[in-house]
Amino acid sequence: MNIKHSKLEAINLDAYYGDFHALKSINIAMEEKAVTAFIGPSGCGKSTFLRTFNRMNDYIDGFRIEGQILLDGRDIYTDDVRVDELRKEVGMVFQKPNPFPKTIYENVVYGLRIQGIKDKKILQETCEKSLQQAALWNEVKDKLDKSALALSGGQQQRLCIARALAIQPSVILMDEPASALDPISTAKIEDLIYELKKDYTIVIVTHNMQQAGRVSDHTAFFYMGELVEYAKTKTMFTSPKDTRTQNYITGRFG
Amino acid sequence: MPHIDVELERLREKLLEMWDLVEHQLTSGREAVMNADHELSQRIIKLERKVNSFDLKIDRMCENFFALFTPVAVDLRTVLAILKINTNLERIGDTAEGMARFACKLDRPFDPELVELTNVMVMYDEALVMFNECRTAFKSEDPKLAKQIIKRDKALNKIYRKSDVVIGKYLQNNPDRIPEGLALLSIIKKLERVGDQVTNMAEEIIFYREAKVVKHRKKKKKKE
Amino acid sequence: MTNSEKNRRKDKAFQVFGIFCTFIGLVVLAIFLIDIVIEGIGRIDWDFLTSLPSRRAARAGILTAWAGTIWILVLSALIAFPLGIAAGVYLEEYAKKTKLSNFLEINIANLAGVPSIIYGLLGLELFVRIMNLGGILLAGALTLSLLILPIIIVTTREAIKAVPRTIRDGSFALGASKWQTVWYQVLPASFGGILTGVILALSRAVGEAAPLIVIGALAYVPFVPSSPMDEFTVLPIQIFNWTSRPQAAFLTNAAAAIIILLLITFLLNGIAVYLRHRQQKKIKW
């Protein structure tokens, strides 16, 4: 497939949990300011793969990779890359909304606080801007000092997106961001993703085929640690090349 | 606007573009037939390729829309209607092309007397009005207008049904004009087809807008 | 008799038995409390709290004893609190799951079960003799710190464990270091739980006499300690002292002192319960 400008790239990537070979020589390039969806059955390695892009797997005992992950053409697994710098560039949103047990305001500015930014004006401006980007500002502008845990699940997830946006990343990784939400909240998150791709490169893992169809430009299908097929979403959803892909997206797997 | 609406709007716009193109074919066709304008006819024939590529494009867009958005309810009906209207438009385009080919064969304009007798220009104008109103009905999602269009088709059919007798009589008096008469008969036949296609399109518009109205009818019946 | 009837009877029987067992504990506690209160409540007055110990029962007070207890409490807390939390955080957040860390974990759990007298002997050897501190407050506080350290470590770890993985992930994903994550997220979120554990550990330490006796706190102390380097006594030792006297008046004194000791313990437990309750209300994962 033709990629105009590749933002993220994996080259001959292998990943292991101890003896378990979780990802098998993956080669993929993801386009800038587009949405790439990873689909595949549970345990196919798509989440593991997603987490290699901000090195969230580093904390897992026995995890190691071979090969390269490139962000803007630069290998992010070399010794001179600082993980905290990397994560400023590559934000992440998780499956279950995970707001910190603090106020809404503190949640959004947390990323800035840990960078040592104390200027109130900057913090407040960033807070408003991020919440607006995440389409949450109108709902919470009067209760920024209230606990984030009092928000609904969908609002919490948009708060988590705002929190990720506050540190101005260029890439946002989303690990099944709507799987714990009701359909209306899911639709809001999907519309948000559609808006965000104007400015951000988004990689989303999803179990929901319709979701992949609705939000993504490109889709990668993983099966048993292999990248089986990678194509434009419309191409994959109308005429997949591999029978395994066909069986999976039509719900005939296994 | 939600993503799905953005895509739906793109689809509608594409269809309306095609509509304009086919309209252009039809209106120029009228002129070409009237004046036996070969050059204009050639242009109409060439346009057919463009219409065909629109047809393919809209087909593909609908296919993608189904695959990516799994539409339901009004969204589903809209895309189904667009898919069918697309086919009808393409056929109308074909018809216009066919008429242009007849115009190409004419070495002079039709005998005004014959034109007068057959009412072909009235028929042509009526077909054009129906075609344009159908576009308005689609654009403004107006099922009422669509229903009126369906009624108008009767006028076309009337002229069509009379045409063979009229042309037969005329040819008896003017046996030297047989090719001309036959060409006109074919054109009338084609115009009748255009009327049918437009009726189909109008029916699609009613189908995709009126799921609700059908309900209301049932309620009324119950009340009675 | 049908099977379900049989089951229902068994159920009923166990309920009755369970109520009986529960009441044994409560009744014993009630008898003990009533007995103590009847005997000692009349003896408690301002003089009793503010008088120095004396050979004459009527003039004797518990000023040095409760002051010593407060000293010991505060000092032990100051020593054990940072050590215990730091160790707990290390074991839970930093230590890789190696054989060594496993070994450490098991033995810390074991330490929590070691009899207090053993800690006393350890304190005697280590602080009093080798470090040559003598039977002073600091030595006592250090000894009790050792005693409660395992409890604090274990409760700290439990409290930290209760903080969901997703909170840490969220923090890491925003570029926070491990230390920032622990400091800004894990500790604040688990602080209520940790504090509860620390207070419960302290309330255990308040009641300890044996290890302090071993390190030499049994001395008659005629003054209120004014620095960690002073000699001291504590309430349990005072109580132990008085109960071993033959005169009945001293037994009354002991009962009164026990009431004060129980009040301190209940107060600490009450604070712990309150903190836990507040924590549960504030944070629902």
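Analyst: The crossing of H6(A) and H7(A) is right-handed. This is a predicted model, and the pair is described here from its computed geometry. H6 covers residues 153-166 of chain A and H7 covers residues 183-196 of chain A; their axes come within 9 Å and cross at roughly 20°. Angles under 35 degrees count as roughly parallel, and H6(A) and H7(A) are therefore roughly parallel to each other.

On the H6(A) side the contact is made by Gly154(A), Gln157(A), Arg158(A), Ile161(A) and Leu165(A), and on the H7(A) side by Ser185(A), Lys188(A), Ile189(A), Leu192(A) and Leu196(A). Sorted by class, the residues of this contact are five nonpolar, three polar and two charged. Ile161(A), one of the H6(A) residues that meet H7(A), is also among the residues that touch the most other members of the largest nonpolar core, which holds 192 residues. Leu131(A) is listed with Ile161(A) in that group, as are Trp19(B), Leu26(B), Leu89(B), Phe131(B) and Phe138(B) of chain B.

The buried residues are Ile104(A), Tyr105(A), Asn107(A), Val108(A), Val109(A), Tyr110(A), Gly111(A) and Leu112(A). Two pairs of chains are in contact, and chains A and C share the most contacts. Chains B and C have no contact, and their closest C-alpha atoms lie 28 Å apart.

The axes of H3 (residues 63-94) and H8 (residues 178-206) of chain C come within 9 Å and cross at roughly 140°. H3(C) and H8(C) are therefore oblique to each other, and their crossing is right-handed. Among the residues that meet are Leu73(C), Phe81(C), Ile85(C) and Val89(C) in H3(C), and Trp179(C), Val186(C), Phe191(C) and Leu195(C) in H8(C). The contact of H3(C) with H8(C) contains 16 nonpolar, two polar and two charged residues.

H2 (residues 38-69) and H3 (residues 73-105) of chain B pack at an angle of about 165°, with their axes 9 Å apart. H2(B) and H3(B) are therefore roughly antiparallel to each other, and H2(B) passes H3(B) in a left-handed crossing. Their contact divides into 17 nonpolar, six polar and seven charged residues.

Chain B as a whole has eight helices and zero strands. Its C-alpha trace spans about 65 × 50 × 20 Å along the principal axes, and 49% of its 224 residues are buried. Of the contacts in chain B between residues at least 6 apart in sequence, 85% join residues at least 24 apart. Phe131(B), named above with Ile161(A), touches Trp19(B), Val22(B), Glu23(B), Leu26(B), Leu89(B), Ile92(B), Val198(B) and Met201(B), leaving aside residues up to four places away in sequence. A second, separate core has 33 residues, including Ile26(A), Met30(A), Val171(A) and Tyr230(A).

Definitions and conventions:
Residues numbered from 1 in each chain as written. Chains lettered and ligands numbered in written order. Predicted model: local features only at pLDDT ≥ 70, side-chain atom pairs only at ≥ 80, totals over all residues. Heavy atoms only, no water. Core = buried A, V, L, I, M, F, W, Y, C linked by side-chain atoms within 4.5 Å. Buried < 20%, exposed > 50% of the residue type's maximum accessible area, 1.4 Å probe, protein only. Contact = heavy atoms within 4.5 Å. Axes fitted to C-alpha atoms, helices over the stretch in contact; angles between N-to-C directions. Helix = DSSP H or I, 4+ residues; strand = E, 2+ residues; numbered from the N terminus. Parallel < 35°, antiparallel > 145°, perpendicular 65-115°, else oblique. Left-handed = near helix turned anticlockwise from the far one by under 90°. Nonpolar A, V, L, I, M, F, W, Y, C, P; charged D, E, K, R; others polar.
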